[in-house]
Amino acid sequence: MIKISMVAMGSLVSFFCLLANFSCRKIDYEARALEITKEAKTNLVQKLTNAIAEGGTKQAIPFCKQNVMAFTNNLGTKKGVLLRRISDKPRNPMNLVSDEEKRIFLEISANPTQVGEYPVKTVSTNETVTVYVPIPTSSLCLQCHGEPNVDIKKETLEVLRKEYPGDLARGYQVGNLRGLFSVQFTK
Ligand code: HEC
């Protein structure tokens, strides 16, 4: 009798552990990360569009330099996560992927779900859960991230050279994977 109920208890505990692992934790982290990155994307595109409307593309570059990183960091802090934008070919060297992130970047980039769309990836350790959310290139991005002298005007290139001498973030086409949001939760 006792033996049977121990087995039953064991099964019940395993069942709830599985439930906690699969339904609660993973799905909640991913959904939460998608909410946060959606808010970040909406705000960033709005800021970018306003800055371009006010002073043109070349004025928007120093605006991005001064505001975007701070905005991303602050939004992360407000949401209780570490929020970063990372890339294998960054404009700002602070956004360069680590070796581990590069492996994840290449994996996401090589597996589009359809043309110009990429999967989300979640990586867990004992202490953290990190959700990587793809940032594809759209036509709005080309004036600063496209082909020099074709999509990026000469006057824009001059500002880029001055503000970002080590710039790698050019030569993209619509649909290419420009970067990833890394959303890190502490367990
Ligand atoms: C007005 C020019 C401009 C436009 C348009 C623009 N960007 Fe950028 N982008 C920048 C600058 C400048 C930086 C570096 C910001 C910094 O120093 O934090 C940057 C950085 C980034 C980064 C962080 C990684 C890196 O390269 O440092 C990502 C990701 C990114 N841009 C994606 C996009 C996407 C997606 C679009 C289109 C929706 C876009 N950008 C449009 C100028 C632009």
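## A pair across the sheet

Ile-135 sits opposite Gly-179 in β4. Strands here are DSSP runs of E with at least two residues, and helices are H or I runs of at least four residues, both numbered from the N terminus. Residues count from 1 along each chain as its sequence is written. The model is predicted, with local features needing pLDDT of at least 70, side-chain atom pairs counting only at pLDDT 80 or more, and totals for chains, interfaces and linings using all residues.

Let's look at β4 itself. Seven of the ten residues of this strand (177-186) are buried, so the rest of the structure largely encloses it. Buried means that 20 or more other C-beta atoms, placed from the backbone, lie within 10 Å of the residue's own.

Strand β3 (residues 128-136) runs antiparallel to β4 and is joined to it by nine bridges. Strand β1 (residues 82-86) is also antiparallel to β4, with five bridges, and Arg-85 faces Phe-181 in β4. Strands pair when DSSP finds at least two bridges between them.

## The whole sheet

The open sheet has four strands in the order β1-β4-β3-β2, with antiparallel pairing. Its edge strands, β1 and β2 (121-124), each pair on one side only. On average, neighbouring strands are turned by 20° against each other, direction ignored; axes are lines fitted to C-alpha atoms, for helices over the stretch in contact, and angles run from 0 to 180 degrees between N-to-C directions.

Four bridges link β2 and β3 in the antiparallel sense, and Ser-124 stands opposite Val-129 in β3.

Technical notes:
Buried ≥ 20, exposed ≤ 12 C-beta atoms within 10 Å, placed from the backbone.
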